[in-house]
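Reader: Please show me how to read the features of this model, one at a time.

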Amino acid sequence: MAVFAIFKRELKSYLVSPLAYAAGVVFLAISGYFFSVILLATRIADLRPYFLNLGVILLLVTPLLTMRSLAEERQSHTDELLMTLPATPAQIVVGKYLATLALYAGMLALTAVYPALLYWLSDPPAGPILSSYLGALLLGGTFLAVGVFTSSLTDSQMVAGLLCFGLILLMWVINWLAFAMTGPVADAARQLAVFERFDDFTKGLVDSTHVLFYVSAIAILLFLSVRSLERRTWM
Amino acid sequence: MQESERIGGIQRLTRAGARLRLARGANATLFTLFVVGIVVLLNVMLAQRPLRLDLSADKRFQLAPQSRQALDRLRQPVTLYAFVFEGTEEAERLGDLLREYRLASDRVRVRMVDPDREPTLAQKYEVRAAGTVVVEMGSNYRKIEPFNLFTSSLYGAMEFRGEQAVTRALLELSGLGGSVVYFLEGHGEGSPYDDYSELRGYLEGEGFTVKTLNLALTDSVPDDARVVVVAGPRTDLAVQEREMLEAFVQERGGRLALWLDPLPNRQLPQVDGLLATLGVERVPGVVVDPGRALFGDALSPVPELRWHDVTSPLIQANVGVVLPGAQALRAASGDRVTALMVSTDRAWAERDVSGQRWQRDGEDVAGPLELALAIQREEPVAPATATSEATSAASADEASAQPSEGETTRVPVAVVVGNSTFARNGSFAFQGNRDFAANLITWLAGQSEMVTIRPTTTPLPTVLLTGRQARGIFYGTTLGMPLAVVVAGVLVWWRRRGL
């Protein structure tokens, strides 16, 4: 119940903040550009190229959505007030995370216009579109968890945003190690590569290993955020 | 004294507080590491048996039952190498396919190899082009060339035949499949290592084993022979050779591919005798077809194809087969013989090849002329288990569709083509030549029954757009939708301002 109360409060504050609308505009403008330019250039009713470019958009938008999440409370010293609420740090983190996820899901839902346009013009296979949306939700969900975590580390929104940007970029390029090296380091880098897994979703494959990977990554990042929040109570 | 005790007490408290903080910090770190470790372990454990839902349009994330059976029969480990450059279409398709084999069997190991980064490995298997797959079992390996994996010639869109090729290679390396095709030599025929090397490479990629055979050095056609190809003999067979081939066909159910060129002024009585047992005879002369020929060269006819298992894919794809310097044939008997290729009625078989001008006269046989014939015979239907282990396993799905006992079925015996050039290296790539050559051998070997894995094509639904629609989509999605968000934001701000 406490999670829901925090989720509602957070979502409301998002919907009246210019930041959420700015993020929405950036997300939809770049998404729309990618979608339409790819469609007009290839004349093929396929959403996969759009989804393969989604990473770039998320790299820009995720820090915008999450940088205020916990850092703002700390900056404005409302975190002390937050701690007096009848809610545990875990409930606070999960509630705030779910609010950012809901906002992102809402933005993603608006892109349903793209497949609708494709169905109007042609008859693309539905399977890969559905799995791509599931993958996009999991990938975005992981990035948002990164953002919530970095936001829990600092009281500066700017620093939180920059850290989030850097961490996501690192997650993106970590599989480059696999090109440069061989052996267990390359294997580990391949396992950690978030986009390689997302690629399978865009082809139409829903693999429990990939779903578990994203859910685990989200769980670990939120757990670390909770630890970071709790740390303040005894430091 | 009291003062110093008080200070000492404060110091002790401070130290205790520091120890407490340190202990809590250490505890917290350990707990964090413990939780992260558990989650990682859970991921590793569940990755061993993944649940997978394949929503792809071409069902690329599941193997055909034939492939699973081939994997179940593996008795030793197999390594599948894909020689590809990262990020290419080939790397993606082959990576997806080989991963399915790895997930389906513990005995399969997959390695994606960049030929530039590991040139020694590429050299070891004589890999010449990116997109090559090597299937290695023990000390044996089978190489699958890119043109056996990706074909785009016939159907416009790219066809991916990877699963077909890899499964055939697995069956063959397990000793369960792979018909042996012998090329006869000793009469000036073309060699599979020289004139027909492209055809040999293609057949090997399809799972066949290609060997040569000199009947003068043996007393019968080898036991493992499924098909014997007689590709353009320049001299006649010996009587014993003819008898061996007849015994191979009539007593052992062997199949023959006879590719015969017109040899004016040369008699081939044993070849003719062999043809007679098949119900076929040669029409003297060289085929001249002004009605349908390659770039107007009447001596290179591109005959009309008649519907048959061998030719139907070519007819559907609307491609031709060119036979430069062709020999006409005639079906001498009954319904066992089916014409595969027929010239136009403007064609004739020119007997006088010494002249400079080609002209039809009284002694020439007039068209339409038959240029390729398929011969079949009736056989009682064999129970599904009577065939080889691999055949029965691969066709298990089709077993229910087999006719009941006592019925007969038509089995292939021979394909006679009045030309041997069409499958030679120089002509092999022309339109439908490669597919005609490969189809006729596959049909003869009955290979199509052994591994009937459908090649996959990636559907690409195209879009037709008017200029207005294109502009509407571009401005609507790039400007319209973000603008709607701005308007929503302004409305919210306006409402809040009024509160």
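**A hairpin and an interface**

Author: In the hairpin of E4(B) and E5(B), Gly138(B) has a positive phi near 60°, and two residues lie between the strands. The model is predicted: local features need pLDDT of at least 70, side-chain atom pairs count only at pLDDT 80 or more, and totals for chains, interfaces and linings use all residues. Residues are numbered from 1 along each chain as its sequence is written, chains are lettered from A and ligands numbered from 1 in the order in which they are written, and side-chain values use heavy atoms, with hydrogens and water left out.

Reader: How many bridges join E4(B) to E5(B)?

Author: Strands (E, at least two residues) and helices (H or I, at least four) are DSSP runs numbered from the N terminus, and two strands pair if DSSP finds at least two bridges between them. Here E4(B), residues 132–137, and E5(B), residues 140–144, run antiparallel and are joined by five bridges. Val135(B) stands opposite Arg142(B) in E5(B).

Reader: In which sense do E1(A) and E1(B) pair?

Author: E1(A) pairs with E1(B), residues 52–54, in the antiparallel sense over three bridges. Asp207(A) stands opposite Arg52(B) in E1(B).

Reader: What area is buried between chain A and chain B?

Author: The size of an interface is often given as the accessible area lost when the parts come together. Buried area is that loss with a 1.4 Å probe, summed over both parts. Between chain A and chain B it is about 4300 Å², and carbon and sulfur atoms give 70% of this. Counted by contact (heavy atoms within 4.5 Å), 54 residues of chain A meet 48 residues of chain B.

Reader: How many salt bridges does the rule find across the interface of chain A and chain B?

Author: A salt bridge is a side-chain nitrogen of Lys or Arg within 4 Å of a carboxyl oxygen of Asp or Glu. The rule finds four across this interface. One salt bridge links Asp200(A) to Arg99(B), with the closest N and O atoms 2.7 Å apart. On the side of chain A that touches chain B, H2(A) supplies the largest share, twelve residues.

Reader: Is Phe195(A) buried or exposed?

Author: Buried means under 20% relative accessible area, exposed over 50%, partly exposed in between (1.4 Å probe, protein chains only). Phe195(A), in helix H13 of chain A, counts as buried because its relative accessibility is 14%. Leaving out residues up to four places away in sequence, Phe195(A) touches Gly55(A), Leu139(A), Phe143(A) and Trp172(A). Leu139(A) is 56 residues from Phe195(A) in sequence, with their C-alpha atoms 8.0 Å apart.

Technical notes:
Buried area is the accessible area (1.4 Å probe) that two parts lose on being put together, summed over both.
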